[in-house]
Amino acid sequence: MSVNVMVETTINRPVSEVAAYAADPSNAPRWYRRIKAAEWVTEPPLRLTSRVKFSAKFLGKQLVYTYEIIVLTPGELLVMRTTEGPFPMETTYTWTQASTTSTRMTLRNRGEPVGFSKLMAPFISQAMKRAMRQDLQQLKILLEAT
């Protein structure tokens, strides 16, 4: 069973600001509650084939994984993928203008769990959706406070 979870929110900031902040991996520990650290593997700035290693805690487990940027359209779309570990994942951010001063941001995670993780896919999907909603809420709080 595959996992495909998508959440979205509207942030009362212009697309350029939301996209610039969210797409910068260095900011991830500030708005992803479960990401503890982000370390550039390749030199910044973000571009196609950039790689970033993340350390996170999810469902009580320490996770370390490296994402590679596979699609990047600044201010519109970011797709990154990891192929390592028990749960290879693809994460997609999209940003669209919701009004003249607000942005609709969509966050999507999808992957094909392997091994024991495959059996846990329904539970993982529910936990991911809850975590992703919390993360976008944190991003909204951070950006709307500026």
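**Strands, helices and core of the predicted model**

Setting aside residues within four places in sequence, Val5 is in contact with Leu107, Arg108, Asn109, Ser125, Met128, Lys129 and Met132. Val5 and Ala127 lie 122 residues apart in sequence, yet their C-alpha atoms are 10.0 Å apart in space.

Four helices and seven strands are present. Along the sequence, these elements follow the pattern β-α-α-β-β-β-β-β-β-α-α. The radius of gyration is 15 Å, close to the 15 Å given by the globule rule for 146 residues, so the protein is as compact as a globular protein of that length. Along the principal axes, the C-alpha atoms fill a box of roughly 45 × 35 × 25 Å. Of the 146 residues, 41% are buried. Among contacts with a separation of 6 or more, 49% are between residues 24 or more positions apart.

The sheet comes next. Seven strands form an open sheet in the order β1-β7-β6-β5-β4-β3-β2, with antiparallel pairing. Strands β1 (3–11) and β2 stand at the edges with a single partner strand each, so one side of each has no neighbour in the sheet. On average, neighbouring strands are turned by 25° against each other, direction ignored. As a general point, the strands of a sheet pair through backbone hydrogen bonds, in either a parallel or an antiparallel manner.

Several of these pairings can be followed in detail. Strand β2 (residues 35–40) pairs with β3 in the antiparallel sense over five bridges, and Ala37 stands opposite Ser55 of β3. On to strand β4 (residues 61–73), β3 is joined by eight bridges, again in an antiparallel run; here Lys53 stands opposite Thr66 in β4. Strand β3 itself (residues 51–58) has two faces: Val52, Phe54, Ala56 and Phe58 make up the covered one, while Arg51, Lys53, Ser55 and Lys57 make up the uncovered one. Further along the sheet, strand β6 (residues 89–99) and strand β7 (residues 102–111) pair in the antiparallel sense over 10 bridges. In that pair, Tyr93 stands opposite Leu107 in β7.

Not counting residues up to four places away in sequence, Tyr93 touches Ala22, Trp31, Tyr32, Glu76, Leu77, Leu78, Met80, Met105, Thr106 and Leu107. The largest nonpolar core has 38 residues, and Tyr93 is one of those with the most contacts inside it, together with Trp31, Leu78, Trp95, Met105, Met128 and Leu139. Helix α4 (residues 121–144) gives the most to this core, contributing eight residues. Met128, one of the residues with the most contacts inside the core, is also in contact with Val5.

Helix α1 (residues 15–23) lies across β1, β5 (77–82), β6 and β7, and runs at about 165° to β6. In helix α4 is the place of Ile124. With a relative accessibility of 7%, Ile124 counts as buried, because the limit is 20%.

Finally, the loop between β2 and β3 deserves a look at its backbone geometry. In general, most residues other than glycine have a negative phi, and most peptide bonds are trans. A cis peptide bond joins Pro44 and Pro45, with omega at about 5°, and the place of Pro45 is in the loop between β2 and β3. Thr49 lies in the loop between β2 and β3 as well, and has a positive phi of about 75° although it is not a glycine.

Methods:
Residues are numbered from 1 along each chain as its sequence is written. This is a predicted model: local features need pLDDT of at least 70, side-chain atom pairs count only at pLDDT 80 or more; totals for chains, interfaces and linings use all residues. Side-chain values use heavy atoms; hydrogens and water are left out. A nonpolar core is a set of buried Ala, Val, Leu, Ile, Met, Phe, Trp, Tyr and Cys residues joined through side-chain atoms within 4.5 Å. Buried means under 20% relative accessible area, exposed over 50%, partly exposed in between (1.4 Å probe, protein chains only). Contact means heavy atoms within 4.5 Å. Two strands pair if DSSP finds at least two bridges between them. The radius of gyration is taken over C-alpha atoms; the globule rule is 2.2 Å times the number of residues to the power 0.38. Axes are lines fitted to C-alpha atoms, for helices over the stretch in contact, and angles run from 0 to 180 degrees between N-to-C directions.
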